[in-house]
Amino acid sequence: MTFVSREVRLKSRPSGTPTAANFEIASVELPDPAPGQVQVRNLWMTVDPYMRGRMNDVKSYSPPFQLGEAMQGGAVGEVVVSNDPSLKAGDLVNSFLGWREGFNAPANTVQKLDTHGLPPQAFLGAAGMPGLTAYVGLLRIASLKPGDVVFVSGAAGAVGQMVCQIAKLRGHTVIGSAGGPEKIAYLKEIGVDHAIDYKAVPNLTEALMAAAPGGIDVYFENVGGEHLEAALIAAKPFARFALCGMISQYNATDMGAGIHGLITAVGKSLRLEGFIVSNHADMQPDFVRDLAGWVAAGKITWRETVEEGIENAPTAFLKLFKGENMGKMLVKLG
């Protein structure tokens, strides 16, 4: 039986902040899967800030989206037809074929999902790439040490919420920055010691220094710009910065004016290291083990913001750059 799947394609490359006009919805007919293939109906898909870089026609760690073709991203779906003995109808699978309602693909390009009692969409957020990113950034890149004071920007986002909680579980003082009273309330709910509403304070650097008068040991970077500048000023000697993302810069049309205070990295012997989580897949087993224990003990939680329907996937993506998500931004597909 033919399956008609709607998909989101990149219609044009954005200059600056993307708009709805950069996307288009198309329908494709999926025939029965060929031998060795499965047909999957997606249940959930993720939108993530890094996808903005793939909309530019430039060489990077991930290839650019092609105009007129369906975009890609993480998704969880259900096998509806299997033509491979390794999977059967009803199996849940992870794939990188989001931005579409369904697809045919070789069975070895999807991963059978054992949810361990977690909701399937958690594997696009807390139990997936964002959670692993937090784990890698704190434990390997920032080399978290006993007694560290940790500053997290974008602290109420998909990665930030996990960074804050992992650091607290390991006994650290955590300072989180987010925008708006609802996000600040959430940070307090998950145990953040000092929550800074960067939209409300007159000077972010002064607010950070007040929260950490002795300085910070670790900065987990999700935002860039004035947050990075504040962290440089507040850093103790030998502080470590895990540079995960800089969402404030993703829509810039040039390299910008630079970072004030970067010279302090020399005198303070700071270590600033960028990282891509896919380069640290060897930490996945440790992350899964630790997360399972934390969840079973009721020591970790997470928030999700959900848009419904493939037609609203571009809207969900654009909301990321307006800060209109609490925790992980997801699209429920039906």
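Let's start in the sheet: Val150 has Val218 as its bridge partner in strand 11. Keep in mind that this is a predicted model.

**Strand 11 and its neighbours**

To get from strand 11 to strand 12, the chain passes through helix 5 (residues 226-234), making a right-handed β-α-β crossover.

How many residues of strand 11 (residues 216-221) are buried? The count is 6 of 6, so strand 11 is mostly covered. In a regular strand, side chains alternate between the two faces of the sheet.

**The cysteines**

How many disulfides does the structure hold? The number is 0. For Cys164 the reason is distance: the closest cysteine sulfur, in Cys244, lies 13 Å away, which is too far for a bond because a disulfide needs the two sulfur atoms within 2.5 Å. Cys244 is likewise in no disulfide, with the sulfur of Cys164 as its nearest cysteine sulfur.

The surroundings of these two residues can be set side by side:

| Residue | Relative accessible area | Class |
|---|---|---|
| Cys164 | 0% | buried |
| Cys244 | 24% | partly exposed |

Conventions: Residues numbered from 1 in each chain as written. Predicted model: local features only at pLDDT ≥ 70, side-chain atom pairs only at ≥ 80, totals over all residues. Heavy atoms only, no water. Buried < 20%, exposed > 50% of the residue type's maximum accessible area, 1.4 Å probe, protein only. Helix = DSSP H or I, 4+ residues; strand = E, 2+ residues; numbered from the N terminus. Pairing = 2+ DSSP bridges. Right-handed = clockwise from strand over helix to strand, strands pointing away.
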